[in-house]
Amino acid sequence: VKIFGGDYVGSEYEKALSQYNLNVEWYSGFKNLAELKAGLGRPDLIIVIVRQISHTLLRELVAAAARESLPVIYSSRRGISGILAELTDYFSTRPA
């Protein structure tokens, strides 16, 4: 799972969600995708924290995710419990 935005919580997403056996990578919502020159990879899910992401990064991310046919959740929640709820909803309704 890759999380973009949510700078208020930041790298704590990785630490807290790893307790639930999730491999999470967090990226600041105020940078650009240049650091991901090789692309987004093949994450099971991308979460965009819409309240804490720049418009530029959002445009780049939407285009890249569409190009690579990756699933995206746009979340207005930014706290760890809110993101955990989004992940639970997504993975519990996803076909096996």
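This is a predicted model: local features need pLDDT of at least 70, side-chain atom pairs count only at pLDDT 80 or more; totals for chains, interfaces and linings use all residues.
**View 1. The rings of Phe4 and Tyr27 form a stacked pair.**
A pair of aromatic rings is described by the distance of the centres and the angle of the planes. For Phe4 and Tyr27 the centres are 4.9 Å apart and the planes lie at 15° to each other, so this pair counts as stacked, since planes under 30 degrees apart are given that name. The pair links distant parts of the chain, because Phe4 belongs to strand E1 (residues 2-4) while Tyr27 belongs to strand E2 (residues 25-27), 23 residues apart. Both Phe4 and Tyr27 are buried.

**View 2. The rings of Tyr90 and Phe91 form an edge-to-face pair.**
Here the ring centres of Tyr90 and Phe91 are 5.0 Å apart, but the planes make an angle of 80°, so the pair is edge-to-face; the name applies to planes over 60 degrees apart. Phe91 has a relative accessible area of 28% and is therefore partly exposed.

**View 3. The charged end of Arg78 sits over the ring of Tyr8.**
The distance from the charged end of Arg78 to the centre of the Tyr8 ring is 4.4 Å. Another tyrosine, Tyr20, is 12 residues from Tyr8 in sequence, and the two are 21 Å apart in space, C-alpha to C-alpha. Tyr20 is found in the loop between helix H1 (12-18) and E2, where, at 47% relative accessibility, Tyr20 counts as partly exposed.

**View 4. An open sheet is formed by 4 strands in the order E2-E1-E3-E4.**
Strands of a sheet pair through backbone hydrogen bonds, either parallel or antiparallel. In this sheet the pairing is parallel, and the edge strands are E2 and E4, each of which pairs on one side only. From one strand to the next, the twist averages 20°. E1 is joined to E2 by 3 bridges and to E3 by 3 bridges, and Lys2 stands opposite Glu25 in E2 as well as opposite Ile46 in E3.

**View 5. Strand E3 (residues 46-49) sends buried side chains in two directions.**
Ile46 and Val48 point one way from E3, whereas Ile47 and Ile49 point the other way, and all are buried. E3 also pairs with strand E4 (residues 72-75) in the parallel sense, over 4 bridges, with Ile47 standing opposite Ile73 in E4.

Helix H2 (residues 55-67) makes a right-handed β-α-β unit together with E3 and E4.

**View 6. Asn21 and Ser69 have positive phi values.**
Most residues other than glycine have a negative phi. Asn21, in the loop between H1 and E2, has a phi near 65°, and with a relative accessible area of 74% this residue is exposed. Ser69, in the loop between H2 and E4, has a positive phi of about 50° although it is not a glycine, and at 59% relative accessibility Ser69 counts as exposed.

Notes: Residues are numbered from 1 along each chain as its sequence is written. Side-chain values use heavy atoms; hydrogens and water are left out. Rings of Phe, Tyr and Trp (its six-membered ring) pair if their centres lie within 6.5 Å; planes under 30 degrees apart count as stacked, over 60 as edge-to-face and the rest as tilted. Buried means under 20% relative accessible area, exposed over 50%, partly exposed in between (1.4 Å probe, protein chains only). A charge sits over a ring if NZ of Lys or CZ of Arg is within 6 Å of the ring centre and within 35 degrees of the ring normal. Two strands pair if DSSP finds at least two bridges between them. A crossover is right-handed if, with the strands pointing away from the viewer, the path from the first strand over the helix to the second runs clockwise. Axes are lines fitted to C-alpha atoms, for helices over the stretch in contact, and angles run from 0 to 180 degrees between N-to-C directions.
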